[in-house]
Amino acid sequence: MRLYSCATFIFFPTQLETAFCSSPFQEEHVGVSKQDIRERIWDYMESQNLADFPRPVHHRIPNFKGSYLACQNIRDLEVFARTQELKVDPDKPLEGVRLLALQSKKTLLVPTPRLRTGLFNKITPPPGATKDILRKCATSQGVRNYSTPVGLDSKVLVDLVVVGSVAVSEKGWRIGKGEGYADLEYAMMVSMGAVSQGTPVVTIVHDCQVVDIPEALLEDHDLTVDYILTPTRVITTGCERPKPAGISWSKISCEMLGKMPILRSLRHREEQAGKDVTLQDGPRSPPGATRSPQDLAPPELGSVPPSSVQIGNLPRDARVSELKRALSALGVAPSRLTWQGPQHRAFLHYRDPAEAQQAIACLQGFRLGANTVRVVLARQQRASDLVGSHTTEPLPDHRPAIAGP
């Protein structure tokens, strides 16, 4: 029998479950990482032909043979029987749960892909939907064709959360595919008031994905689970580790914020409520901070200081107030703003180059209206370049948030 090794572990591939769950080696080797565990699960599922479409399963929540059977086990949970509204991730192995929810006439919410256009879509089958139509509604095609967006101000109260996993322990500790979307979605639901610490969380995996996970790998923003469903077992974890209490802004990058309008809106709300919303990428001015008279002085006509950012490709109908609100929600409000609407551009003036660079990072991929704007560090400008422009003062402390998706 071939000996299989990965990172700090050595075990026989036909004994993966035993090696993960009971081997003393896992506690002795302190160098194991979440990625080590992911790679071993993915490799094992492929090598043992346990994986199902789409393949290969690497860098995915793996679909597996028997996933529909595992999903059927949710009917044995009392929490599912009394659930009216549930959120189920769009991963392929959870398709059976989405179908059961629709067949049971429960309200089904599915996160939007990568949270680009909002947080949830509500799956709404057409009136008199046949079994075949319901099956389509439960697929990724159904999310595209039979759903309506759920806005930030919608009164959502989720009774049950179902997430995919790459690995999970019987203690309820979970490892996803490494992008953090399930953790972030849950934290956003907490911020919206859609879930509480008592809202049960279920994951559905193959038996080989139930492994021992060192507690040292867990962080405060990691989502834990209360129930694990496999093709052969229903596991009640009894996990007492607290779930995320909200969004950990220090884990959020400017790039993520720029790609997720709903995240920007939530951040603006929490900032207005006085919460610390400092991002991962560096310091920013605290809410209500005042600027010196020097900061408020208009720029000299004829040059743009090296701590300025040029925004181009603004929509023809863009208004300076619209740009101000967007910059405010992103947390990159400048000390001054020079507006050149006819040229479809604006200049953002910051107090130092570091602030300008942070703004550039936050604004990558940013859209205003239908346009993705171009953002660069501003070059020195001739006086003729600035003809027809006007400079505005900083944004006021109390600003309207960008409309939710």
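**Buried and exposed charges in a predicted model**

Helix 6, spanning residues 95-103, is mostly covered, with eight of its nine residues buried. The structure described here is a predicted model.

Side chains of opposite charge can pair when their charged atoms come close. The structure contains 15 salt bridges. In one of them, Glu 185 meets Lys 87 at 3.1 Å, N to O. This pair links distant parts of the chain, since Glu 185 belongs to helix 9 (residues 181-192) and Lys 87 to strand 3 (residues 85-88), 98 residues apart. Glu 185 is buried, at a relative accessible area of 6%, and Lys 87 is also buried, at 1%.

A second salt bridge, of 3.0 Å, joins Arg 135 and Asp 132. Both residues lie in helix 7 (residues 131-137), three residues apart, or about one turn of the helix. An α-helix has 3.6 residues a turn, so residues three or four places apart point the same way. Arg 135 is partly exposed at 43%, whereas Asp 132 is exposed at 52%.

Glu 270, in helix 11 (residues 261-272), presents another case. Glu 270 is buried yet has no salt bridge; the nearest side chain of opposite charge, that of Lys 275, is 4.2 Å away, and a salt bridge requires a distance within 4 Å. The side chain of Glu 270 does make a polar contact of 2.9 Å with that of Ser 191. Beyond its neighbours within four places in sequence, Glu 270 also contacts Trp 249 and Val 277, among others.

Terms used
Residues are numbered from 1 along each chain as its sequence is written. This is a predicted model: local features need pLDDT of at least 70, side-chain atom pairs count only at pLDDT 80 or more; totals for chains, interfaces and linings use all residues. Side-chain values use heavy atoms; hydrogens and water are left out. Helices (H or I, at least four residues) and strands (E, at least two) are DSSP runs, numbered from the N terminus. Buried means under 20% relative accessible area, exposed over 50%, partly exposed in between (1.4 Å probe, protein chains only). Lys and Arg count as positive and Asp and Glu as negative; His and the chain ends are not counted. A polar contact is a pair of N or O atoms within 3.5 Å; within protein, one must be able to donate a hydrogen and the other to accept it, and residues adjacent in sequence count only if both atoms are side-chain atoms. Contact means heavy atoms within 4.5 Å.
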